[in-house]
Amino acid sequence: MISDNLFGQTHAFTKEIQALLNGTIANHVQIKAVALHVGDDRLFTLGHLLDKHTMTAQRFKLKPLAPRVELWMGVSFQLRLDAEREHLMVQQSFVGVFGSKDAKHGLFHYDYERDKPDNYPDAHLQVDASSDLFGTLNDPKQDPGRSLGALHFPVGGKRFRPCLEDVIEFLAVERIVEARDGYEKILEAGRERFRRNQLMAAMRRDPATVDAFIERYRAAETA
């Protein structure tokens, strides 16, 4: 059985992501959550119209400002409880923008994989682009023909990685997609919630720093 704690927090997060997307740059996104077991652990995978058999989320259409262009977004999360079985934790996440529903390559994608085993950064950005300069930097014995899009740019690690709100903001302010009036307020509220949760998680994992902070400002107030 999936714990009530995990189910409840996942349900709330599902509604939050769906409302964020439909309130800013998308229409009729339906975020579904499907439970799965990995060893002794219990997780939920989330995504638009998630297929419970393949555990694959579908992409959804965006509205580009450029005429006669298609743009699709893919969003998925894998969630579990933390070591204390109390707080919801993102195990993996993916946000990408593509030119079609099934394209293998797109504009960019953000990936996060907690404790990634292949030495690449847990949180990273990949941009489907080319660079003549980068081509000259490849080691011909190890990386012949490697493209710029194959590079994993680190983006803040597990604690300070970008959130979905940051990606939506990028698409809007760079005039790539059409956003709804007032989208900024929705993004700011979601971003504040994400950063507060990350701060609380950092504090739980580093109580010595929290104690030092309190002691420093307590001393400053009494000086």
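Student: Which residue in S6 is the bridge partner of Phe-94?

Tutor: Asp-111 in S6 is the bridge partner of Phe-94. A strand here is a DSSP run of E of at least two residues, a helix one of H or I of at least four, and both are numbered from the N terminus. Two strands pair if DSSP finds at least two bridges between them. The model is predicted: local features need pLDDT of at least 70 and side-chain atom pairs pLDDT 80 or more, while totals for chains, interfaces and linings use all residues. Residues are numbered from 1 along each chain as its sequence is written, and side-chain values use heavy atoms, without hydrogens and water.

Student: In which sense do S5 and S6 pair, and over how many bridges?

Tutor: Strand S5 (residues 88-98) and strand S6 (residues 106-113) are antiparallel, with seven bridges between them. S6 also has strand S7 (residues 123-127) as an antiparallel partner, and five bridges join S6 and S7. Look at Asp-111 again: this residue is the partner of Phe-94, and Asp-111 also stands opposite His-124 in S7.

Student: How many helices and strands does the chain have?

Tutor: The chain has six helices and eight strands. Their order along the sequence is α-β-β-β-β-β-β-β-α-β-α-α-α-α. For the overall extent, the C-alpha trace spans about 60 × 45 × 45 Å along its principal axes.

Student: How should I read the pairing of S1 and S2, and what lies in the turn?

Tutor: Strand S1 (residues 31-38) runs antiparallel to strand S2 (residues 41-48), and eight bridges join the two. They make a hairpin, with two residues between the strands. In the turn, Gly-39 has a positive phi of about 65°. To follow the pairing residue by residue, find Val-34, which stands opposite Thr-45 in S2. Another pair is Lys-32 with its bridge partner Gly-47 in S2.

Student: Which other strand does S2 pair with?

Tutor: S2 is joined by four bridges to strand S4 (residues 71-81), and S2 and S4 run antiparallel. There, Phe-44 has Leu-79 of S4 as its bridge partner.

Student: Why is S2 described as largely enclosed by the rest of the structure?

Tutor: Burial is judged by relative accessible area: buried is under 20%, exposed over 50%, and partly exposed in between, using a 1.4 Å probe and protein chains only. Seven of the eight residues of S2 are buried, so the rest of the structure largely encloses this strand. For the chain as a whole, 36% of its 223 residues count as buried.

Student: Which residues other than glycine have a positive phi, and where are they?

Tutor: Two can be named here. One of them is His-28, with phi near 60°. His-28 sits in the loop between helix H1 (4-22) and S1, and counts as exposed because its relative accessibility is 68%. Met-55 has phi near 55°. Met-55 belongs to the loop between S2 and strand S3 (60-62), and is partly exposed because its relative accessible area is 26%.

Student: What separates the C-alpha atoms of Ala-19 and Ile-31?

Tutor: These C-alpha atoms are separated by 9.3 Å, and the two residues are twelve apart along the chain. Ala-19 is part of helix H1. With a relative accessible area of 49%, Ala-19 is partly exposed.

Student: Which residues is Gln-198 in contact with, leaving aside its neighbours within four places in sequence?

Tutor: Contact means heavy atoms within 4.5 Å. With those sequence neighbours set aside, Gln-198 is in contact with Lys-158, Arg-159 and Arg-161. Gln-198 has its place in helix H5 (residues 183-205).

Student: Is Gln-198 buried or exposed?

Tutor: Gln-198 is buried, because its relative accessible area is 12%.

Student: What share of the contacts in the chain with a separation of 6 or more comes from residues 24 or more positions apart?

Tutor: Such residues account for 51% of those contacts.
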